[in-house]
Amino acid sequence: MKSQTARRPDTTRSSRSAKNKKYVRQTAHVEARRDGKPLIFGWGGHLSHSEKTRLQRRAIWFVTAIIGLIIVLIIVGYWVNLNVIVPSLPITAVNGQSVPQSDYRKLLAVNTQYASNHLNGPNGLIALRDQLKSQVDAQQKIIDDAKKQIDDLNGKIKALPADAKTQRADLENQLDAAKKQQSDAQASHDQLMAKYQDMVQNTIPNAQTLFTQSQLGNDSSQWLQDDIFIRNWLDKQNSSIRTQIEPTSAAIERELSSFKANMPKITNYSKFLSEDNVSDADVHAMIALKLRRQDMQNYLAAQTTSPTYQVLARAITASTMSDANKILDQLKHGADFGKLAKDKSVDTNTNSKGGDLGWMARGQYTITLAAKQSAVVDNWIFDRARTLNELSPVLTENGAYHIVQIMNIDPSHVVDAANLQQLKGNALLIWLKEQAAQPGVTITPVDQNKMLDPSNIPPGLPAGAPSQGGAGAPGGAPGGLPGGLPGGIPGGMPGGLPGGAPGGIPGQ
């Protein structure tokens, strides 16, 4: 019996071409496949391509962020250094109280503008010079007109007939009046010309000589040192004294108004603030310092009266500490002070008088014998603990060595008018020198590099004194000062910057 299952037919070849089939290898990259290649420093062979790509992208973003952060930190650090750290660095210090160079820069800017106002402002020296020149020219015209009138009158008188007595008398009266007018005008002309020549040859050149970075820089740093002494002293005073010295807001505003009004025509207050990189608050603070200084001078001058406590003393000055110690030892063993002063003292002002200093009020030694530089000797002499015939230790002052003896003390001795006036005019200077000479006081020398750092110097403040060649040219700007901005504080500035600082700006 045959099976009913149908037999499958044999597989037949396709009728297609009998060409060999070409197989192409798959080239598409499989993201998940590990290629075994390291990513960095032999590491990363176990990672897939997609994982490596993600890591590379993250690394790039991370490095970019780090670089960006570093750049930002550098910029911020530079700004902080330039605007916070550097301005806060001390330029000097008094008893550990630092004076930041930011305060120095602000005061220097304000003082420079005061100086510019004094020289080039509407009421400044240049304007005063030009006014004098105009007045000289006006008087010269009167002289010339009077001379012409005199010549005309002389001609008329000469041409008159001999019998014209009435007319002659009238012309002669006119001639006398013309001669008097000429004489008066000539006298006025000569006085004005003398003032003009003094202004051109002395006042303006002398003022310009002080307009230098070092001069004005030293003055400004000195003021800041002095202000520490003043403020520390004020903190210990009663309200009545503080009221006399601390400037009021109204006083500061009045001074600021005057400051603005006296600016040269080439500038204004807003331009000054912008160019000197100071704020209105900075200017108020520096004007307050200036007024506090003025008020302190006025207060101390009012306290300087006659009669007052005075001391009669004598002194021996030696060149070296060794010589001074030998002299002191001889005095302690009974040597004659007057004889030693004549033989040993190097002070030619007093040695011929046996060292006699005469009667002195407080501050007088500082002014007359210490050249306004120190009050070490003055402080010792006027210590109320001194007794008759007491000998001082060796006192070091201005590079010399002094031995002083108290000869007499008068609690109420008259001060002559000239000395009293000198003591009043230098009252602040004397007081500041006394403060600086107190035991234990330390004053750090001014950092000259910071003082003359270009970032602290106002625009237009010259490094050196200007040429004097054209300083007095009528109607001109001061010689050698670019932009008409002189850089200093002249002596005797009317209504301006007060003097009296040790080694600082000349007196008022």
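Helices here are DSSP runs of H or I, at least four residues long, numbered from the N terminus. With that in hand, welcome to some close-up views of a predicted model.

**View 1. Tyr269 and Phe272 pair within helix α8.** Both residues lie in this helix, three residues apart, which is about one turn. Their ring centres are 6.3 Å apart and the planes meet at 35°, so the pair is tilted. Tyr269 is buried, with a relative accessible area of 12%, and Phe272 is buried too, at 1%.

**View 2. Phe259 and Phe272 form an edge-to-face pair.** Six aromatic pairs turn up in a search of the whole structure, and here we look at the one between Phe259 and Phe272, with 5.7 Å from centre to centre and 70° between the planes. This pair links distant parts of the chain: Phe259 belongs to helix α7 (residues 249–261) and Phe272 to helix α8 (residues 269–276), 13 residues apart. Phe259 and Phe272 are both buried.

**View 3. Four aromatic residues join into a cluster.**

**View 4. Arg384 sits over the ring of Tyr309.** Here is another charge over an aromatic face, this time from an arginine. The charged end of Arg384 is 3.7 Å from the centre of the Tyr309 ring.

Terms used. Residues numbered from 1 in each chain as written. Predicted model: local features only at pLDDT ≥ 70, side-chain atom pairs only at ≥ 80, totals over all residues. Heavy atoms only, no water. Phe/Tyr/Trp six-rings, centres within 6.5 Å; stacked < 30°, edge-to-face > 60°. Helix = DSSP H or I, 4+ residues; strand = E, 2+ residues; numbered from the N terminus. Buried < 20%, exposed > 50% of the residue type's maximum accessible area, 1.4 Å probe, protein only. Lys NZ or Arg CZ within 6 Å of the ring centre and 35° of its normal.
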